[in-house]
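Please look over the sequence and the 3D structure below.

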Amino acid sequence: MSEPVAPAGGPVSASGPVGKPVRGAARRRGPHGLVRRLLAPFGTLAAVVAAFAFVGLVDPNEPGHYPACPLLALTGVFCPACGGLRSAHAVAHGDLVTAAGANALAVAGYAAFALFWAAWAVRAARGRPTAGPRPGAAHWWALGGLLLAFTAVRNLPFGEGLIP
């Protein structure tokens, strides 16, 4: 581990400048700090890969493996998540066309996750703050509106191309 660098003209102890503990990125530098910073992003990636591997192995196109969508079963209306498991199964097998046909919004969500995860991992590796996006009320309303519009369009006759 490298020794702390003294500020101009000041003595340094193992904890930093005399009387001041080392905080933030200075404490996490080095190979152990890098591993520590990357634990959360790579732990998250491992969980997502495990979920996609499970869905890739257990085919949602075969009845009996997963529960039916309660909204579809009760009302006949396709919710925004209908086809999401079939979409994930197709992505796990590298078939993006079939995945988009099963649930285009889910594929967009997978892509958004990949971009946010990559930015998170790069920022963590560089020792930068990794708080991530902080959506405000307008963002949540826009997302809700998008989900509502997607649901409405996929359940109308002209949106049958969005039906899983």
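Val58 sits in the loop between H1 and H2. Helices are DSSP runs of H or I with at least four residues, strands are runs of E with at least two, and both are numbered from the N terminus. From Val58 to His89 there are 31 residues in sequence and 8.3 Å in space, C-alpha to C-alpha.

His89 belongs to helix H3. At a relative accessibility of 12%, His89 is buried. Buried means under 20% relative accessible area, exposed means over 50%, and partly exposed is in between, with a 1.4 Å probe and protein chains only. Not counting residues up to four places away in sequence, His89 touches Val55, Gly56, Asp59, Pro60 and Asn61. Other residues of helix H3 (residues 84–92) that are buried include Gly84, Ser87, Ala88 and Ala90. After H3 comes Gly94, with a positive phi near 75°.

## Basis of the model

This is a predicted model, in which local features need pLDDT of at least 70 and side-chain atom pairs count only at pLDDT 80 or more, while totals for chains, interfaces and linings use all residues. Residues are numbered from 1 along each chain as its sequence is written, and side-chain values use heavy atoms, with hydrogens and water left out.

## The chain as a whole

The protein chain has six helices and two strands. Read from the N terminus, the order of its elements is β-β-α-α-α-α-α-α. The chain has 164 residues, of which 18% count as buried. Among contacts with a separation of 6 or more, 50% join residues 24 or more positions apart.

## Aromatic pairs

Three aromatic pairs are found in a search of the whole structure. Rings of Phe, Tyr and Trp (its six-membered ring) pair if their centres lie within 6.5 Å; planes under 30 degrees apart count as stacked, over 60 as edge-to-face and the rest as tilted. One of the pairs is Phe42 with Trp117: the ring centres are 5.3 Å apart and the planes stand at 90°, so this pair is edge-to-face. Phe42 is in helix H1 (residues 31–57) and Trp117 is in helix H5 (residues 104–125), so the pair ties together parts that are 75 residues apart in sequence. Phe42 has a relative accessible area of 42% and is partly exposed, whereas Trp117, at 15%, is buried.

Another pair is Phe54 with Tyr66, whose ring centres are 6.4 Å apart and whose planes are at 90°, so it too is edge-to-face. This pair links distant parts of the chain, with Phe54 in helix H1 and Tyr66 in the loop between H1 and helix H2 (70–75), twelve residues apart. Phe54 is partly exposed at 48% relative accessibility, and Tyr66 is partly exposed at 22%.

## Asn103

Where is Asn103 placed? Asn103 is in the loop between helix H4 (96–102) and H5. With a relative accessible area of 1%, Asn103 is buried. A polar atom of the Asn103 side chain lies 3.1 Å from the backbone nitrogen of Leu105. Leaving aside neighbours within four places in sequence, the residues in contact with Asn103 include Pro80, Cys82, Ser87, Phe150 and Arg154.

## Helix H6

Helix H6 (residues 137–154) has 18 residues. The expected span of a helix is 1.5 Å times one less than its number of residues. For H6 this should be 26 Å, and the end C-alpha atoms are 26 Å apart, which agrees.

Phe150, Thr151 and Arg154 of H6 are buried. They cover an arc of only 100° around the axis, which puts them on the same side of H6; the arc is taken over the directions from the helix axis to the C-beta atoms. The buried residues of H6 pack against H4 and H5. The face turned away from the buried side of H6 carries the exposed residues Ala137, Ala138, Trp141, Ala142 and Leu148.

## Cysteines

How many disulfides does a search of the whole structure find? The search finds zero, where a disulfide is a pair of cysteine sulfur atoms within 2.5 Å. For Cys69, the closest cysteine sulfur is that of Cys82, 3.5 Å away and too far for a bond. Cys79 is in no disulfide either, as its nearest cysteine sulfur, in Cys82, is 3.6 Å away. Cys79 is buried, at 13% relative accessibility.

Technical notes: A polar contact is a pair of N or O atoms within 3.5 Å; within protein, one must be able to donate a hydrogen and the other to accept it, and residues adjacent in sequence count only if both atoms are side-chain atoms. Contact means heavy atoms within 4.5 Å.
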